[in-house]
Amino acid sequence: MNALHWLFTRTFTYISLALAILAIYVIGYDMGKLFLWFILPFYGISLLFQLLAPKIKAPLEKNELVTDIISNTVTIGVVNSIQTWGVGIIFALSSSSLLIHFGIMDAKYGLADLPHWLQIVLGLLIMDFFFYVTHRIAHEVPFFWRFHAIHHCAHRVTFMNAYRVHPIDAMFRRYVPLFFVMLTGISNEAFVASAVIGSVLATVTHLNIDLRHGWFNYLIATNENHRWHHSTNISEAKNFSVITVWDHLFGTFYLPRDRDMPEKTGLVDETDYPLHNYWQLLLQPFRKKKADNAPVKTSELMNEDEALSPSQPHLQ
Ligand SMILES: [Zn+2]
Ligand SMILES: [Zn+2]
């Protein structure tokens, strides 16, 4: 059993990515079918493994599960539906690039003529660059942090709260990167393939399983490095991108070798915060807080001494 667990924790992510590629090969580039026959079952299996072998075994908090279920349903149901509808409209045009469609850019500069694998890699890199930018904005601009704080409020990182997000935050951090990918003229096939691979990676980042990725942690967002993003300690709460090249480039990659998870996960100031009440969480960004601790700019901390002091400002 121990050998099996060892093997499972070291191969789960790679097997999942291989299965995603196999699913695309077998099912084709129909996003609806891929969602139904690959992504949904993958969610189910991931959840099952998380229930069988959780890393953090703490019992559920009052209303935690119901808040996550409602949030997941709204995010997957509403945010994803609008996204599928919008992307469908753009791909129905003469080119997936709005710039090409409206004659602003010549078609020869679009990605569609490049080899398939290169389009997928470039699509993921471009999408993730804008995901990095919007995610940093969500942390460092108080207006956007009010919405993004909902994703950070839970006391543990699990697959169940991967989609604990305010719909406005989800739309901002998803539609803006998508819009820029849509300017590149990427083919529908490459777009679908990168979306399926992106879904697998997004699931892995929040799995409450003791997965071990070794060198892969330095390349891709995993649950090992994403846990630190949820730390209540600002000097640890980095790792904003999915393809970690952007974090390495902008100096925001964080993965200590001597510890495998932050001491505390969540918000520093939980005063009057409706932690596990979805409808109150939806309203929370519009409320005036007594002590609205503005998020601390990660960039301002780059040159500071990394040593923690009790007075060091914390990320909320
Ligand atoms: Zn964040
Ligand atoms: Zn997260």
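1. Q284 sits in the loop between helix 11 and helix 12 (298–301). Helices here are DSSP runs of H or I, at least four residues long, numbered from the N terminus. This is a predicted model: local features need pLDDT of at least 70, side-chain atom pairs count only at pLDDT 80 or more, and totals for chains, interfaces and linings use all residues. Residues are numbered from 1 along each chain as its sequence is written, while chains are lettered from A and ligands numbered from 1 in the order in which they are written.

2. Leaving aside residues up to four places away in sequence, Q284 touches I150 and P274. Contact means that two C-beta atoms, placed from the backbone, lie within 7 Å. The C-alpha atoms of Q284 and P274 are separated by 7.7 Å. These two residues are 10 apart along the chain.

3. I150 belongs to the buried part of helix 6. Helix 6 spans residues 142–152, and nine of its 11 residues are buried. Among them are F144, W145 and F147. The buried residues pack against helix 5 (116–140), helix 7 (167–181) and helix 11 (278–283).

4. Now the backbone. Most residues other than glycine have a negative phi. N63 has a positive phi, near 65°. N239 has a positive phi too, near 60°.

5. N63 is in the loop between helix 2 (31–52) and helix 3 (64–92). N63 is partly exposed, because 14 other C-beta atoms lie within 10 Å. N239 lies in the loop between helix 9 (223–229) and helix 10 (245–249). N239 is buried, because 25 other C-beta atoms lie within 10 Å.

How values were computed
Buried ≥ 20, exposed ≤ 12 C-beta atoms within 10 Å, placed from the backbone. Helix = DSSP H or I, 4+ residues; strand = E, 2+ residues; numbered from the N terminus.
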